Amino acid sequence: MAFKKSSGKLSQAALLKQIVKRCSSLGRKQQQHYDDVPKGHFVVYVGENRSRYIIPISFLSRTEFQTLLHQAEEEFGFDNDMGLTIPCQEQVFESLTSMLR
């Protein structure tokens with residue numbers, strides 16, 4: 001599912017830029033937690049235990065990952081101090097990301 005521009009909603013490109021910008025600003029605010037994140041990647045937290053995953057920015061353009069981002073936006077919003085949290089089980093997330101690589 002792709003994001004569509006509608007009243008009060010951001011276009012897909014604008015949303016992706018906003019996500020990358022937020023991920024980058026989180027890294028600057030909490031640098032000690034992001035020293036291990038290679039260039040071109042960002043951190044997400046998944047599942048009840050908020051397990052930390054480092055994933056490539058290229059995933060942002062994938063429809064499958066955009067569905068997860070839409071769910072994250074609906075459940076948590078993108079403006080929080082907890083980092084980008086994906087609301088799904090860890091096994092599901094790992095299965096999806098292994099197919100995207």
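Phe42 is buried, with a relative accessible area of 4%; buried here stands for under 20% relative accessible area, exposed for over 50%, and partly exposed for in between, using a 1.4 Å probe and protein chains only. This residue sits in strand β1. Helices (H or I, at least four residues) and strands (E, at least two) are DSSP runs, numbered from the N terminus. The model is predicted, so local features need pLDDT of at least 70 and side-chain atom pairs count only at pLDDT 80 or more, while totals for chains, interfaces and linings use all residues. Residues are numbered from 1 along each chain as its sequence is written, and side-chain values use heavy atoms, with hydrogens and water left out.

Phe42 has a partner in Phe65: the two form an edge-to-face aromatic pair, 6.4 Å centre to centre and with 80° between the planes. For such pairs, the rings of Phe, Tyr and Trp (its six-membered ring) must have centres within 6.5 Å; planes under 30 degrees apart count as stacked, over 60 as edge-to-face, and the rest as tilted. Phe42 belongs to strand β1 and Phe65 to helix α2, so the pair ties together parts that are 23 residues apart in sequence. The structure holds 4 aromatic pairs, and one aromatic cluster is made up of Phe42, Tyr53, Phe59, Phe65 and Phe93.

Leaving out residues up to four places away in sequence, Phe65 touches Phe42, Val44, Ile55, Phe59, Leu60, Ile86, Phe93 and Leu100, where a contact means heavy atoms within 4.5 Å.

Now for the core. A nonpolar core is a set of buried Ala, Val, Leu, Ile, Met, Phe, Trp, Tyr and Cys residues joined through side-chain atoms within 4.5 Å. The largest one has 18 residues, of which Val44, Ile55, Phe65, Ile86 and Phe93 touch the most other members. At least two residues of this core come from each of β1 (41-46), β2 (51-56), α2 (63-75) and α3 (90-100). Helix α2 gives the largest share, 4 residues. In soluble globular proteins, nonpolar side chains tend to be buried together.

Two of those contributors, α2 and α3, also pair up as helices. Two packed helices are described by the angle between their axes and the distance between the axes. Here the axes of α2 and α3 come within 10 Å and cross at roughly 150°; axes are lines fitted to C-alpha atoms, for helices over the stretch in contact, and angles run from 0 to 180 degrees between N-to-C directions. On the α2 side, Glu64, Phe65 and Leu68 meet Phe93, Leu96 and Leu100 of α3. The residues of this contact split into 5 nonpolar, no polar and 1 charged, counting Ala, Val, Leu, Ile, Met, Phe, Trp, Tyr, Cys and Pro as nonpolar, Asp, Glu, Lys and Arg as charged, and the others, Gly among them, as polar.

Gln66, in helix α2, is buried with a relative accessible area of 1%. A polar atom of the Gln66 side chain lies 3.1 Å from the backbone oxygen of Leu60. A polar contact is a pair of N or O atoms within 3.5 Å; within protein, one must be able to donate a hydrogen and the other to accept it, and residues adjacent in sequence count only if both atoms are side-chain atoms. Another case is Arg52 in strand β2, whose side chain makes a polar contact with that of Asp36 at 3.0 Å. Arg52 is partly exposed, at 33% relative accessible area.

Strand β2 holds Pro56 as well, and Pro56 counts as buried at 14% relative accessibility. Pro56 touches Gly40, His41, Phe42 and Arg101, not counting residues up to four places away in sequence. In the loop between β1 and β2 sits Arg50, which has a positive phi of about 55° although it is not a glycine. Arg50 is partly exposed, with a relative accessible area of 30%.

Stepping back, the protein chain has 3 helices and 3 strands, running α-β-β-α-β-α from the N terminus on. Of its 101 residues, 38% count as buried.
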